[in-house]
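Biologist: Hello! Could you walk me through this structure, one question at a time?

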Amino acid sequence: MQTGELYNVVVEKLSNLGTGITRVDGIVVFIENACPKDSLKIKITKVNKNFASAEIAEIIEPSPYRVTPFCPVQKVCGACQIQFADYDYQLELKRQIVQDSLRSIGGIDIDVPLTIPSPDNKVYRYKIQYPVSQTKVSKRLLAGYYKPQSHEIVNIKYCPIQPEICDKIIEFIRVNAQKFSVSGYDEKIHTGDLRHVVLRVSSDSGKVLVTLVINSKKTSKKFEDFAEEIYKNFNEVTGVCLNFNHKQTNVILSENTVCVTGQSFVEEKVLGKTFKIGADTFFQVNPKSAENIFSYVKDEIKKSYSPVVLDAYAGIATFGILVSDTAKSVVSVESNKNSIEKAKEVLELNNIQNVELFAQDTTKYLKSVKRKFDVTILDPPRKGCTKDSLDETLKHTKEKIIYVSCNPSTLARDLKYLTEKGCKLKSVQPFDMFCHTYHVETVAVIEI
Ligand SMILES: C[S@@+](CC[C@H](N)C(=O)[O-])C[C@H]1O[C@@H](n2cnc3c(N)ncnc32)[C@H](O)[C@@H]1O
């Protein structure tokens with residue numbers, strides 16, 4: 001097989017990175033923008049040792065699950081990779097991704113039920129992080145998602161998966177930055193001011209927290225004046241923060257954020273509790289779909305009688321706070337100090353007395369205590385848990401682990417480890433939090 005060659009193929013399934021999969025002469029080929037059951041003419045774009053990549057040269061016969069994407073820039077923008085598939089079919093594809101990962105990485109054969117849909121699949125994204133750059137000649141700001149597999153910004157004026165107010169605020173920033181001498185960032189030569197615009201919208205009130213990520217170690221009058229101008233122009237904006245990130249890195253936010261005008265948070269309501277979300281605190285991007293996950297986890301906790309619960313990788317202790325009324329007591333452990341500060345405020349705001357907070361690494365915390373928990377909730381980042389943290393979790397948990405995962409591959413790896421240690425995988429349930437993308441959230445219940 002060689003680059004540039006053409007083949008007629010039928011797409012077998014979707015990979016866990018959202019590309020179509022087919023086989024040519026026994027070699028696996030990944031095809032961009034391909035829907036399972038599409039009949040295609042493909043052009044090979046890259047040949048590796050064990051697999052190849054291809055693009056669509058012609059759709060000979062579209063898959064019965066193909067639909068016209070509702071976003072005009074879906075093909076060029078890298079955000080909604082599978083918007084060309086019917087929504088119900090997306091749910092089935094995500095179910096298959098979880099099932100395949102468990103089988104191939106975890107060696108686990110379990111029936112995975114259909115993915116629980118997001119209550120909204122158009123306006124569902126309440127956290128937006130747009131990278132910013134500027135045009136070469138006129139120095140106009142560009143802001144939007146990157147094109148697939150590149151760092152070229154698609155200057156998005158309208159995005160149908162986020163609240164309309166986000167488009168308005170970002171356009172205001174694009175148009176007015178120059179007046180305040182605020183330039184767009186050039187990541188190649190690490191110059192310019194504005195690196196990212198981060199918006200957090202409350203799905204409850206529609207209020208927005210704006211964070212400008214600045215390529216600087218400290219504030220200056222021009223940034224503060226610009227922040228004030230944004231605040232003044234939008235009733236919906238509760239506050240504007242500056243985050244100072246002067247390092248040459250792909251990490252969006254540094255640990256240094258100041259609120260220069262208004263409030264440093266927005267309030268979100270979930271299952272009757274009020275949460276304060278700051279610029280750098282983790283909170284689910286799709287709060288309505290997250291509510292389904294929180295209810296599911298809470299129902300699982302209710303099956304134990306008045307349990308003592310460990311909420312590990314806690315963020316602002318969302319799980320801990322939401323299960324506090326069914327648990328005897330909860331310990332929430334989170335490594336980000338700012339999130340724990342916000343969690344303290346949330347406990348006070350909701351008058352919750354039975355949740356203890358620890359700003360610590362989960363493994364270090366568990367190694368430092370003798371106490372045991374009836375149920376442990378694990379909600380790690382995409383890289384999953386370390387063997388050390390799983391060993392400590394097993395030592396400190398009596399009944400079950402509820403593992404909430406945003407990455408089927410690392411979930412499968414960690415479930416393999418736990419089942420090899422004698423645990424029993426009781427159930428696996430996928431949820432759709434990021435509609436039209438290949439991402440899938442999964443809750444696994446593991447008995448010890
Ligand atoms: C997927 S988020 C989950 C947050 C929270 N459970 C929620 O639903 O909002 C993962 C969280 O783990 C935290 N984290 C990452 N590594 C950690 C570690 N080693 N120990 C404790 N927390 C960690 C991150 O800061 C982040 O807040």
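**The ligand and its shell**

Modeller: Gladly! An oxygen atom of the ligand sits 2.6 Å from an N or O atom in the side chain of Glu-334. Such a pair is a polar contact (N or O atoms within 3.5 Å). This is a predicted model, where local features need pLDDT of at least 70 and side-chain atom pairs pLDDT 80 or more, while totals for chains, interfaces and linings use all residues. Residues are numbered from 1 along each chain as its sequence is written, and side-chain values use heavy atoms, leaving out hydrogens and water.

Biologist: How do strands β3 and β4 run?

Modeller: Strands are DSSP runs of E with at least two residues, numbered from the N terminus, and two strands pair if DSSP finds at least two bridges between them. Five bridges join β3 (residues 20-24) to β4 (residues 27-31), and Gly-20 has Ile-31 as its bridge partner. The two strands run antiparallel.

Biologist: Which residue in β6 stands opposite Val-29?

Modeller: β4 is also joined to β6 (residues 51-61), by four bridges, and these strands run parallel. Opposite Val-29 stands Ala-52.

Technical notes:
Polar contact = N/O pair within 3.5 Å; in protein donor to acceptor, adjacent residues only side chain to side chain.
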